[in-house]
Amino acid sequence: MTTENEEQEKSESGAPIYRYDENPERPFTPATGNESSIEQISEHIERHIGPIESVFHELISDTIHIDVYWVKPGAERPYHTLVTSGMSDLPMNVPTEIPEHLSMQHTELCVLLPPEWQVEKILNHQADDEQTEQFYWPIRWLKIIARFPHQLNTWIGYGHTIPNGEDAEPFAMNTELGCILLLPSVSLGPDFFTLDTKEGKHISFYATFPLYREEMDFKMKKGVDALLARLESEGIDDVVDLGRKNVCRKKFLGLF
């Protein structure tokens, strides 16, 4: 169940803050994929990124059916690309006061992983428990975020951050990253960012970019553009780097 303060809570940057409590009594709602959407999203991926190597198929689905497509690294795109299909089957509850709300209702997600990431091991269940935890979390979070707006009757979009718990706990033992920022993928290019389906849906594809807790706090204080300027100044792109520099590590006296 979604709960909101009577007066909209805002961050220091002026952006709205939404807080939600899951309803433990929400019934399981089985879902299957939309065949037309699956076909069109698959074609969109292969047209703008490359051939789909394999799919993380979801066997039992709640609310929406989420599959994750895998495109292997290549000469032009030297990183793994993982893209969801199914999140856009249902519209999100975008506030009507946003002028473009109708064009923002349908979204899919992606994540870019470095070439050494053990995607094939995870896909083929060849990893031990520790490896699975270290390498599966980006896929898990694609699914978590994909269901989040539909199960809690809300929405997500550009510049939104979703922490791993209230304190943005690290996603895995081998990283301090603990929050997701949603952005259009610069690496995949503007042609990939949107898909207009033959049924009339306008789908936006957002990259899930991991942040440190301090970067999330900075974004809440100064805004997403200020954070992006810091990331760009350090040459940090949208491919996941578990040990990358924290561009907002607090300095003396706790100042950024």
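Predicted model: local features only at pLDDT ≥ 70, side-chain atom pairs only at ≥ 80, totals over all residues.
**View 1. The largest nonpolar core and Phe56.** This core has 36 residues, and Phe56, Leu82, Met87, Leu109 and Trp117 have the most contacts inside it. Two or more residues each come from strand 2 (67-71), strand 4 (106-113), helix 2 (119-123), helix 3 (129-151) and strand 6 (179-183). Helix 3 contributes the most, with seven residues. Leaving aside residues up to four places away in sequence, Phe56 touches Ile66, Asp67, Val68, Leu82, Val119, Ile122, Leu123 and Ile139. Another core, of 18 residues, lies apart from the largest one and includes Tyr79, Phe192, Ile203 and Val239. In soluble globular proteins, nonpolar side chains tend to be buried together.

View 2. Asp167 sits in the loop between strand 5 (161-163) and strand 6, while Arg213 belongs to helix 5 (residues 213-222), so the bridge ties together parts that are 46 residues apart in sequence. Asp167 has a relative accessibility of 47% and therefore counts as partly exposed. Arg213, at 30% relative accessibility, also counts as partly exposed.

**View 3. The salt bridge between Arg213 and Asp217 in helix 5.** The side chain of Arg213 meets that of Asp217 in a salt bridge, with an N to O distance of 3.1 Å. The two residues are four apart in helix 5, so about one helical turn separates them. Asp217 is buried, because its relative accessible area is 19% and buried means under 20%.

**View 4. The salt bridge between Arg147 and Glu58.** Here the side chains of Arg147 and Glu58 meet at 2.6 Å, N to O. Arg147 lies in helix 3 and Glu58 in the loop between strand 1 (54-56) and strand 2, so the pair ties together parts that are 89 residues apart in sequence. Arg147 and Glu58 are both buried. Side chains of opposite charge can pair when their charged atoms come close.

**View 5. The network of Glu58, Lys143 and Arg147.** Salt bridges with shared partners join Glu58, Lys143 and Arg147 into one network. The model has seven salt bridges by the rule used here, among them the one between Arg147 and Glu58 and the one between Arg213 and Asp217.

Notes. Residues numbered from 1 in each chain as written. Heavy atoms only, no water. Core = buried A, V, L, I, M, F, W, Y, C linked by side-chain atoms within 4.5 Å. Buried < 20%, exposed > 50% of the residue type's maximum accessible area, 1.4 Å probe, protein only. Contact = heavy atoms within 4.5 Å. Salt bridge = Lys/Arg side-chain N within 4 Å of Asp/Glu carboxyl O.
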